[in-house]
Every structure is written in C-alpha cells, then in structure tokens.
Amino acid sequence: MKKNYVLRFLLLLSLFATSVVWAQDRVVSGKVTSAEDGSPIPGVNVVVKGTTNGTTTDGDGTFKINISGSEGVLTFSFIGLKTEEILIGQRTVIDVVLAVDINQLNEVIVVGYGTQEKKDITGSIAQVKGSTIANFATPSFDSQLAGRAAGVQVITPSGLLGAAPQIRIRGTNSISSGTSPLIVIDGVPSFSGSAGGTFGTGFSPTNPLADINPTDIESFEVLKDGAATAIYGSRASNGVILITTKRGKKGKAKFSYDSYVGIAKVSKRFDLLGAEDFVTINNEKLTNAPGGVKQANLMTDADGNTVDTDWQKEVYRTGVQQSHSLSASGGTDKTNYYFSLGYSKQDGIARSNSLERYSMRANIDQKITDYLSFGVSTGITRQATTGPLTGSNNLSGNTFAVIRMLPNVPVFSDTDVTGYNIDAIDRKALGRGANGITISDGIANIRFVLDNNKREAQSLRILSNAFLEATPFKGLKLRTQLGIDYTHLDDFSYQDPRSGDGLGSSGSMSQFSTNQPRWNWQNIVTYTHTFAEEHNLDVTLVAEAQKTRQSFFGASVASLSDRLYNENIISSQFVSTTATVSGDVTRNAIDSYLGRLNYNYKRKYYIGASIRRDRLSAIPISQRVGNFPGVSFAWRISQESFFSSLTSVVSDLKLRGSFAKVGNVFIGDFPYNSIYGAASYGTQSGIALTQAGNNGLRWESQRIYDAGIDASFLDGRFNLSFAYWRKDNEDIILAVPQPPSVGVPNNTINQNIGYIRNSGIELTLGGEVLRKGDFSWNASLNLTTQQNKVLTLYKGQDIYSSDGFNITREGESMRALFGYRNAGVNAANGNPLYYKADNTIVQGDISSQNYYVYDPANPKDVSAAKLSSLVSTDRAVLGNVLPTYFGGFDNNLTYKNFDLNVFFRYQGGNKIFNRTRVDMLNMNFVNNGKEILGRWQSEGEPGDGVTPRLYTSRSTFINNDASTSSRFVEKGDFLRISNITLGYTIPRDLLTKAGIERLRVYGQVQNAAVFTKYKGLDPETNTSGAGVDFNGNPQQRVFLLGLNLNF
Amino acid sequence: MRKISISNSHLSLSKCAFVLLLLTGITTISCKETFSDLAPTDALSDATAYATPDRVALAVTGVYDAAQTGFYTGGLAAGASRGYPLGAANTELGDNRGEDVIAVPSFYLITYQSTYTVATANNQFYWETLYGLINRANVVIEGVQGAATGGVITPEQALIYEGEARFLRALAHHELLVHYARPYAHTADASHLGVPYRTKAVQGAAAAVEAAAQGRNTVKECYDLLLQDLDFAETNLPATSSTPRLKITRATKGAAIALKTRVYLHQGNWTKVVSEGAKIISGSGTTLTSPIGGYKLTATPEGPFSSNYDNTESMFSIENGAADNGTVNGSISTMYQISPGRALVAISPIIWNDPNWLATDTRRTLLAQNNSRAYFSKKYRDITTLTDANPIIRYSEVLLNVAEATARVSGLTQASIDQLNAVRNRAVTAANQFTVASFATANDLIGAIIKERRIEFLCEGRRWSDIHRLAKDPVFTSNGIPAKVDYTGTTFASWVAASATGYIGARATTAVPYDDYRFVWPIPQTETTSNPVLAAQQNPIY
C-alpha cells in the first residue's frame, strides 16, 4: 500500500473540552466508498493511529479531520469491512475504498447482555452474518444455519414448510429434558421449538423462528462454551443463539428491496411398483398363503389403456415460492431507524403444504440528551401454514399413504359422486378398481384427503422490546429493557364427511386457540474502564425477571350440516351432542441476578468470570435457587514482545480456555409436584394423580470445559480457530422409568439421575485463498466432531424409546439403534434368517410363524426338534444415531461484477434405521417399493438374498417391522451441495441515472445435489428425532431468481 | 462510535434522578421474593385433592378413568388413548386372542397371529394400564381413608368408595391373570406364578422402590386376594343407583357378586359359583331375576346394546363419552363396525358357520351385519361420537356361569337347562328350544353352554377368557390357542350361516399349543428393564 508521506501534522482543535489539546495544523478531508459497489459509506471511524483523535464519516461518506504533528497514519475502520491504514503524508484529500472483510466480519461481537470486541473474546462464539443467509428461499432462517458454524448442527428432517429444524449445539445433552438451544432475539429470550407445542394441539406445524424475516437479521451469535454461555446460567446447557436485528446507521436514508421467485421440486422420490409389478407381487403375497386367491387385477380405462397411476404426482408437487422484503433505514446524530415490510408465500413440495408470512419491523433509537437514549424494536408477524397429515403411522399421512396407494386404480372417477375414486362399498377407502378387494386398512384416496381435508395454523407474533439507557459518566451505562414475546395461534382441522377420516363422524372440525404471552424485564449496569492505559476492565451486572403463561381452549364438533362450513367452527352447524370443549393453562417464571467481570492486561492476558443466580418456578422451593459460575482466560501470545518477529506471518495468536457450570430450564413447568390432574370417566368428571412428585428435585446442571486457539495469518488473510470441548451433564433430570407394574403415572418419576458426556473438537479455517486482478476466492471450512456417551443411568437400567427402535444404555451413544441382527434369507425356502445372541442362526418359518434352528446341512428342516425362538435378549446395539462429525465448506468467488457462492455441507458417522423401506415391503394389500422385486420365489429364483418369501399379512414376522433390524440400518454419511448462487451486480454507471445505488440479480439452486449411500429419500430425514426415517417427507430442491436493489 | 470522550461536566439533577430511577428498577425485582413461586394452575396438589367431599368423589371417579382410558403410546400428556385397559381394549384383545373373530389386516394381527414380543404395544400397554388402574385404586383407597379419618367424609361413604376401588382392583388383577399367567388349573394347588397383587399406594420414588421388590404372587394367592376384594365390595357397595347410567357404569353389590361367579368359574370352584349365583338369581323356569339390583334379561338379545346405559341386563360396563373415549384408533364401535366404521374385527366363519348356531337365531340379524365381504358385529353402534359402553359383565353371563357350574356339580338338571334357555330362548324359535331331552349327558349340556357363551358374548372379548380357563379341562379344552382363519384367505362365500359341515376352509394362522411359551403374554420389556425382580420371573423363553 504505497502512499504519499506527509511532512507535517496539523493540530486538531477538539470540539470537546476534555480532548487532548493538540497543536492545530491543517485539515484533511476525503470520502470513503465501498469496494463492492462504489457507494459512499457513512459512519466509518477515521482515527489518527495511536491517538484518540478521530471522527466518523457523514451520510455521504465524507469526513474532515484536523491533523497535527509531522507524521501520522489514518485508520479507517467499519464493521464488516477491512480496516485500511493510510499514511497521511502531505495530502489534504484522502479518498479511501473499503473492501468487505470476510476474514473478520465484525469487529464487535454480541455477547449475552452486551457486546465485546472480537479480539477480546475469551469464549467460543461463532458469528454468522445475517446477509449470509438472507437471500435463501427458506421457510425459516434457522435451517440455513446448518453447516455455517462449527459446533452447530442443524437438521432439516424434511421439506415440509413450517416444521422446525432440529438445532443442537455441541451435542445432545439431556435424555428427558429439552435439547434445543435458547434463542434470544434482541436480548429477549424467545419461544422456539413448536408453537402451541406445550399443549400439542398443532395440526399444522408452526415454527416460531419462521416468524422472523431473514432479511431483518443483522447477525447471529452462537454461544457455545462455558465462558460465553454461563451468563445465561440455567438456560445455557444447550447453547444460546443470539439474534440481532438490523438498526439504522447514521447517514442518508437507505432503501432496499430484496426479492426472489423460485420453484421447489422434490429432490428424490420413492421407487414404487407400477401397476403390472403391483399385480404380480400382490397376487404372489396372497397365493403363497393356503387358500389364498388372486385379488389384484389390471384395470383398463375408458380409452382402453391400462391404468398405471403415479401417486407420487398426486402427493408431491412443484411449488412456487416467492419473497419480497422492503426496508428503509438511516439515521442522524440523534436518531436512527430501521423499518421493514416482508411478504413471503411458499407452496411446499407436499401437496396442501404452504406457508405465508406477512411481517413488519420497526427499530428506532433516539438520543434524548447526551446521556440518555431510548429505543424500541418491534416485529409483528402473521404466519399461516397449511399442511398435510404426516404421521408415520397415520392412515391419512401423506407419505404413509403414497407408498401404499394401489397403482392399478385411478385417482379420479367420473362415476363417483365426489369425482374421486372412492370405494362404492367402503366409502372410507380408495376405490378398488378391478381388484377383488379394497386396499388394506381401508386407507383413503390420499388425493381426496389432501384436496378436501384441512390442517391449518395461523399465528400472530409480536416480538418487541423497549429500552432506556443512561450514561451518567463515561464508562458507565445503565439500561432497563422490557421485552414481550407474544404468540396467538389459531389451529384448525377439518375432515370431509364424504370419505376418509371424516366419514365416521359425518364430517368433523377441531379448533384451538392458544395464547402465549411472555414478558421479560432486564436491568443492566455495565462499566468499562481502562486504568493506567493497561488494565482494561469490563463489568456487567444484571437483574432479570421473566414470566410466561401458556393457555389454550378448543372445541371439536362433528356431524356437520354442510361442507360449506370448513373454514371455522360455525355456531349450530353441527350436531350439538358431538361438541366437546377442552382447555388448559400453565405458567412459569424465572428471576435472576448475574454479574460478569472481564479484565485484561494490555490486551494480552485476559481473565473473565461470571456468576448467575436463578430462581425458577419449576424447581422445588427448597432447591429453587441455582448458582451458575463460569471462568475463562486467554493469552494473546502475539502481543508478547518475543513474538514480534513472527507477526508478519502469524498476525494474531490467542490461547483460551474456560470452565462453567450451567443448567437446563427446558424441564417442563412443574416437574416436581405431585399433581392431581383432570381424569374424566366418560361423561363423569374426575381427578387423579397424574404425576408422581419428587420434592428433592434439583437443577439439571452441566459442566462445560473448553480450550482453544484462535489465530490469524498474513495480516488477517487467513484465520484459524480450533477448540476442544467437553460437556459433562452429571445431574440431569431424568424421567426415571419406574416398573410399570408399580403403576405411577406415565411410569416415570423425575429424578436427578444420569450422566451424559459430550465431547469433540471444532476447527474453522478461512481466508482469502486467491486474489488475482479482478478475481478473488474466499473460502471457509469448518469441522466438528462429537462423541456422545451415556455414563450413568438410574441403576444402570436401559431406557427404550417409546417406538422400541432405540436404546439408551450406559457406555453407548444416546438413543442408539437397537434390534435384531439379520442373516439374510434361507435360499432353500425363503425364510428370513437371524442371529441369536450366541451367534447361532435361526430361521423364521413364515408359514407357522415359529423360529427354528437353521441347519445349513438341511436348511428346510422346520421340524419340532429344531424349534427355537427369536426373543428380546437376541437384540444388539446396531449403531449410533448421532453424527460423529459434520461441517460446512463455503466458497465465495468474485470476478468483476460476478459473484459465485458454492456451499457444501457434510455429516457422517451415524446410522439411520430406514423404517420407510420396511413399510415399502409391507405384506398387506398395498403397493410396495421396487426392492420387493428381489424377493425369494423358489430355490431356482432365490432373489437378492435379503428379501424373504412373500406371504400376505405377515409383515411383522417377515420383516420384523416392530423392531429395528440390521437389514434396514444404513450409514447416514453425506456430502451435500447445499447452495449454488451466481450473482451479477449491474455496473453503477448504468444505474446512477435511475437513482439506483446498487442492483444485483442472482440465480440460485438450493440442495443442488446429495452424495450419499443412504437408500432413503434423504440422509437427513429423521422422523423420530432419533435416527429413524419412518415415512418422512421428501426434501426440496429450490431453483430461484432473485434481486437486491438499493438506493 | 466516536472515540472522543463526552464532557465530564458535573452530573445534572435530572441525570441523578434518572440514574436513581434505573437503580430502583434494578432493585425492584429483588423485592419480589415470591416472583418465581408458582403453583400449577390446571391441577390440584396431592395435599388438597381430598380436602372436600366433592374432591374425594372426583378422585374416586378418577379410578374409573384409569379403567376406561389409561395412557397408550405417548403417555398421559399426549392424551393418546385407545381405550386401554377396560374401555375397549379388553374386548378387542380378548376377541383377537381367540378364533371366533378375524383380525382384518393389519390392526390386531400381532395379537391374532401370536407374534407378540416383549416390545409389542398391545400387551405392553395392557399390562401398564391395568397396573396404572391398580395403583390409582390404591392411591384413592389411601386418600379416602385419610378423608374419613380427617372427618371430610363419613366412614360409611368411605367404605362405599373403597368398595368401588377394590372392585376395580380385583377386576384388573383378574384380567392380568388371564393374559400373563397360566390358568388356575395349571398346577394342582395353583402354586405357579400369577402376577404381583398390589395393594399399597405408590406416589413417590421411595414407595416405588419398595413396591418393585414384590415378586409375582402365586395364582392361588392372587385369587384369594381378589376374592377378598370382591367380598369387601359386595359387603359395602350399594345395590343400585337412582341414576340408571350410574347403576351400570359404577360398581354395585350385584356387579361384585356377578364378578365372583366369573372368578370362581375360573378357579373351577363350581359350588361357589352356584352359591354366589343364588344370591342374584331367583324365580322359576326361564323367568329369572336378581333380588339384588333387580337385574333381569332384556326382552331381546339386542337390549344391552341398543340401550347400553339404561337396561336391566348390563351389570357393569365401562362408560365412554363423546369427549373421552378410545378414539377412532381404539373404540369398539370403529373397530367392529362396517363402514363408516373401520371394520377391523370380523366375525370368523369358524363360529358363523357353526351348525349349532342356528341359522334362524335372531342374533345373526339383530347383532351382526355384512359388507358383502365379511360379517361383522353390530353390537357397538355410535360411530359418530364413540360413546358405546364397553360391556364388562352382563346378567346373561351370570346365568351361563351358574348353568355351567350347576351342570358340573349336579349333572343334567332342569335348573341348569333353564338358565341356559333363559339366555338362548329369546333368540331362537320355540321349536328349537332345549329341553332335557336335547342332551344325552351332562357334558353335552356343558358343551352347549360353552358354545352358547361363544355365540352370546361374540365380540365382547370373552372368548380368550374361556380358552384360558378351559385349557386344562379334560373335556372342553382347545389345547391352546386354536388355529385361526386368515382374512386374506377368505371370500364372502366363506361365510355360510349354520353350514352343515361348519367351516372347512383353511386356517392359515396355525394353532399355538398350550405348552408353547406364547400361550401367555410376556411381561413387557418396560417392566423387565426397570424391575429386576420381575425380570427374573419373566414367562419362559421371552
């Protein structure tokens, strides 16, 4: 950076009385513009290096500064941009172009109850800029955090809009309690998970985080280790995500319009049988049984063509998705503002699934006097989601049904009064066509269900806070802040009376109104001071109180008078004796005090300590107070004099470590009380013990250890961050399984028993890989490993998941897959083979449904002498469901006005129980996946060696479908091209006449490709949350065109 | 962000005031010591649940709730209910373990085909909800006794409440014995393993540990204890209720005696069946009524079902309501009814084609129907709101219990035939009614009574109970779980009422011999993983 030298310095006359008095010399002025688009940047700090003499640029990017002395360097710095240092020399005009600093996106990092400079951070905090994920077609921003930061695992289990992704920060840390992180929006702890989730009324999933317009987000900070999270004390065990919304910046008003329109397609479909194979297979199932007759027949339509329906076309579709955001922001010396409007309408790839969102935000800060300021942040969102029934085992579940729908019958029928193909005799079921019998279990025509039944949720969310802040003297800040998070949810379902689930009740509706007000009041004192220019002190004291109330009431009615009434329950348009009413209310409260002290000596040696004292209503009064301390230290080796020779290569090197004890508040509202809840008997009201209490219940607590290195190289061109972490959850609140024969409610009593350890390493590498002329390539790679181990359970007793597929066992990873070990198929008779615990092999004789010892010398022998069994003790752990590694690889390439982003995500080390595959091998009169074509037919046609002989109605025996079986346990490793975006910024000179500052257009493919050996739809499909893919929905692949406009 | 410091001029008065205001705010929170001291707003605490007579009454009703809709998969919070144990499931499971119904794929196939394991939901939740009922009864007995001691309710009222709870406790234990233990006659002195008979309330972890130490009682101990409970119930329960619905849906003296005739029948204690029956059977010929509670048969076999909450025959049924039932996934009406019901339990041609079930029997038309594919029961009729009462015991069962016991004790007698005829004659033509001449031996009569039970109680879940109790009977045993008909192996033509040959088609679900381990259900793994005592007493092979 060669620049002219100045010969002399001018003295600055301070505008303020306390400024250091300088000999005035001259004025230097100039303009700061953006390297990205040439626009002026207001608010850039312009400081004479090594002094307190400084100013900021005005709205048009210009500055003036008084300079004294004979030498000097001007430093230009701005959040998110590369700092430039320019020798002043003799120049009086210095124009500077600032480039985006991808290595150090922010100088300032938001931490709990405050901010800190990045270089001073002693904890593990990952930051993701809002702009990184603002332009993705996504139902909610949270799913786009996947792969963006080390230690943060985000799983999107399906392409269903409205469903909340599963977020885990540094492992899964509890068995019975919540494992999702605390989400704090502009300082206010917010609802996350599933709206209405407390009462489980949600007919259509509603993700509270989808209420936030992604373009309103300035940044995410993910607090991971003890040093960073201890300040949140009892709420910190699953990590904390801080979301900061945008605020106006001083300067002229800015307007932006961000928009995209795209289409979403199903990334992968099921491979199902066509009509002909269906007939063959189903007749084989039937006739393999004694007395069985062929019932499946091809059907010819009116045009003489064989009916061969692709039901996936009826259930999945291409959806159009669009989003529009308008924002205006700006500021003066006293005021800054940010306003936005957002509209998003997305049609999901599952028919009847959609999400529509209207949002507005107003963030205003006002200086009242020089020591007093006031601010308000308000976001109001209306979100409406519709969705199909998706339950793994629901007859009308869209995936459950689509894999079963008979391909040899049509979707629609002119002869049926409804226009759909509905069975003339069993009006509930799909029409049988030319088949002799109807579909098993009377499954309804799924297209009829999707077109006529409704499942909807409409929410209104208000996320708002206001603060008043005083600075009585320099370094001391007093702030009081009141926040409100309010959700009203209207949940509705309607079942059409003509077929399917609504037939029996002659049409039915249910409607629930849920209210979730929460208020949060924080009073914060911060004091920052530097003593003797070497001792930097930062003290924070907070008092916080929060109360949440959740209530709902609802009604269900049946025997509807007319199908017109399907929007809302309408008075008297149903048979009154069918009406039922329900409701509930619950509350929780927490009050806290906390203190934090950060000290550093010469920005070289850092020590931090914090303590939080929480009182939570969910803990028995004698144990209600919990104290959660944290300590941390850091050593910036690069500041040491002995290091100075290396700084040209290693520009910054920091060692850090921390320890904290934190807790978990996601334990339910009253986990300790002995409760007599509602227990009605038919029409008679009653009460009963519904929860056995434990007055000795204590805080669920966790010890977090973290040690790491942060380094940057070549003047910040490359950054490296490495950390080792361990989380010991030694006192978790476990819903301890009681012997069911003892008969306590739910067979559990909450007790502080159980020890889970999570540990791993995190590595982040990033930097400017290449810059040549107009071309640049910046890349960032992160890797996380995690190991989960259950160390102690109550009396060492295993805990099975309620579906029986998983086991939590000492010494294993949590919720490991547990089941039978398959040994293929007996080539002599098509019986499935299994290993017993002693590794001997038994065959399951499909005809008698008995197990016999498998004798390779006489494989057909199923005589009484060989009678054996396959029982619970023959099961084994078949694999862990938690990935052992995951991460992301982000690439940003620019060439002239083009920009290209390619983002990869990867994950692995886990196993998936592909229960959907089992369902597609169902032995009922339903369709199957093509895998079934590999079945054993005869000794001459033994098939693929793993698919047994067919036999009607014997799925449970043939495929062991009630348990996990090694035959269906697959590796979950994948590499995904998560995003490809190609953008073009229109040259400025073409736009200035139109008054446009910046116009960028881009095309994008999301979920462009997945490389995996997993046979299911997608290796992230996870319907149980524990590595089971049981009739999950497909993922979407989105193609879109978007534009960003600023003026 | 100017790095230029703000003036350090003296603090103004307004500034001081404001700072004070903020500091006040900070300290305000600390003044509210009770801020986080909340109590549940939707439930009572255990300390206040028995504080008033009304609450005691509610808690007693809560015991019936456990009988009607215990928790299924997902637990109490999810509100999942399939009518376990006695609101619907006992009927569905009792039928599907036998051969007189067919499980239409794929709802009850595991039970029907005996492919259950320790992790199968049906037998797991049957076990769990029955014990849930038992503990709820024990908890309420303790609460009621406390309320009486504390003067909240009268001692007389307390005895009635305790009688109700003990009636349900006995019923629950008997259901457990029928599914998880071998029958009374398995060993000569019934010294084989029964189930743990629990009589102590468990409300917390310490009591749970104590209870878990109790192993399986012998079958004899279990029968002795449950008869004690029923004797207590008989002594203390009222004979009737002024509200017709409550007379059927709450335990009464007559219901306790009726249940005793069933229990003694399982015990093979024929004389006790007869003596208990004598308390509630009087009259002559086939006109038999009960002096206690006024029970008598309804005029037609349809009576207990067409008017299931107000009839003279139902002695105890579990109530279901529009807002509280086994849902579409469990209610008897949806399971047994043809469309718009789900038609998941068909009548098997094994019983339908039986030549002893006369073609003209009105129960074939009043209580059965077909959908052109198979025959189904028509006993449970409210498809819309699923409120059908689940029958537990009817006066007709008392008559047939006593008829069989009388024949066993006294041989071929008119009294026994009259009791059989009382039930049967209302469904058959006069020409077809039995007389003494109809039977050559007492065993012929007993065989006819047992067949009549299969017809009269078809689709009421009683079949398994008879297979179980007769398993060791030298004459009437079915030698285990009979072979069954697979639905997919049938066509509508498979059903021929009173076919001369009976059903001769395939029975693809093979028989399970009495000695096979599958004759009894396994103790579920939820129990064995958390209870080492019962894990060591698991039924063999499982």
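**Exercise 1.** Which residue takes a positive phi in the hairpin of S41(A) and S42(A)? Work it out on this predicted model.

*Solution.* 
- Step 1. Find the strands. S41 covers residues 816–825 of chain A, and S42 covers residues 832–835.
- Step 2. Check the pairing. The two strands run antiparallel and are joined by three bridges. One pair to look for is Arg821(A) with its partner in S42(A), Tyr835(A).
- Step 3. Go to the turn. Six residues sit between the strands. Among them, Gly830(A) has a positive phi near 80°.

**Exercise 2.** Follow the chain onward from S42(A) to S43(A), and describe how they pair.

*Solution.* 
- Step 1. Locate S43, residues 841–845 of chain A.
- Step 2. S42(A) and S43(A) pair in the antiparallel sense, over three bridges.
- Step 3. Pick out a bridge. Leu833(A) has Gln843(A) as its partner in S43(A).
- Step 4. Inspect the turn. This hairpin has five residues between its strands. Asn839(A), in the turn, takes a positive phi of about 70°.

**Exercise 3.** Is Arg447(A) buried or exposed? Then list its contacts beyond the neighbours within four places in sequence.

*Solution.* 
- Step 1. Arg447(A) belongs to helix H6, residues 446–452 of chain A.
- Step 2. Apply the cut-off. Buried means under 20% relative accessible area. Arg447(A) has 13% relative accessibility, so the residue counts as buried.
- Step 3. List the contacts. With those sequence neighbours set aside, Arg447(A) touches Trp311(A), Glu314(A), Arg351(A), Val411(A), Phe412(A) and Tyr420(A).

**Exercise 4.** Describe the largest cavity and what lines it.

*Solution.* 
- Step 1. Count the cavities. There are 18 of 30 Å³ or more.
- Step 2. Take the largest. Its volume is about 380 Å³.
- Step 3. Find the centre. The lining has 25 residues, and Ser143(A), Gln144(A), Thr156(A), Gln1006(A) and Gln1035(A) are closest to the centre.
- Step 4. Name the elements. Strands S48 (898–908), S52 (974–985), S53 (998–1012) and S55 (1036–1046) of chain A each give two or more residues to this lining.
- Step 5. Sort by class. The lining of the largest cavity holds nine nonpolar, twelve polar and four charged residues.

**Exercise 5.** Do likewise for the second largest cavity.

*Solution.* 
- Step 1. State the volume: about 170 Å³.
- Step 2. Find the centre. Of 20 lining residues, Gln116(A), Thr122(A), Ala227(A), Ala228(A) and Arg596(A) lie nearest.
- Step 3. Name the elements. Helix H2 (226–229) and strands S26 (580–601), S27 (605–616) and S28 (625–636) of chain A each give two or more residues.
- Step 4. Sort by class. Nine are nonpolar, ten polar and one charged.

Key. Residues are numbered from 1 along each chain as its sequence is written. Chains are lettered from A and ligands numbered from 1 in the order in which they are written. This is a predicted model: local features need pLDDT of at least 70, side-chain atom pairs count only at pLDDT 80 or more; totals for chains, interfaces and linings use all residues. Side-chain values use heavy atoms; hydrogens and water are left out. Helices (H or I, at least four residues) and strands (E, at least two) are DSSP runs, numbered from the N terminus. Buried means under 20% relative accessible area, exposed over 50%, partly exposed in between (1.4 Å probe, protein chains only). Contact means heavy atoms within 4.5 Å. Two strands pair if DSSP finds at least two bridges between them. On a 1 Å grid over the protein atoms alone, a cavity is a set of points where a 1.4 Å probe fits but cannot get out, and a pocket is an open set with protein on both sides within 12 Å along at least five of seven lines; lining residues have an atom within 4 Å of a point. Grid points are joined across faces, edges and corners, and a volume is the space filled by probe spheres set on the points. Ala, Val, Leu, Ile, Met, Phe, Trp, Tyr, Cys and Pro count as nonpolar, Asp, Glu, Lys and Arg as charged, and the others, Gly among them, as polar.
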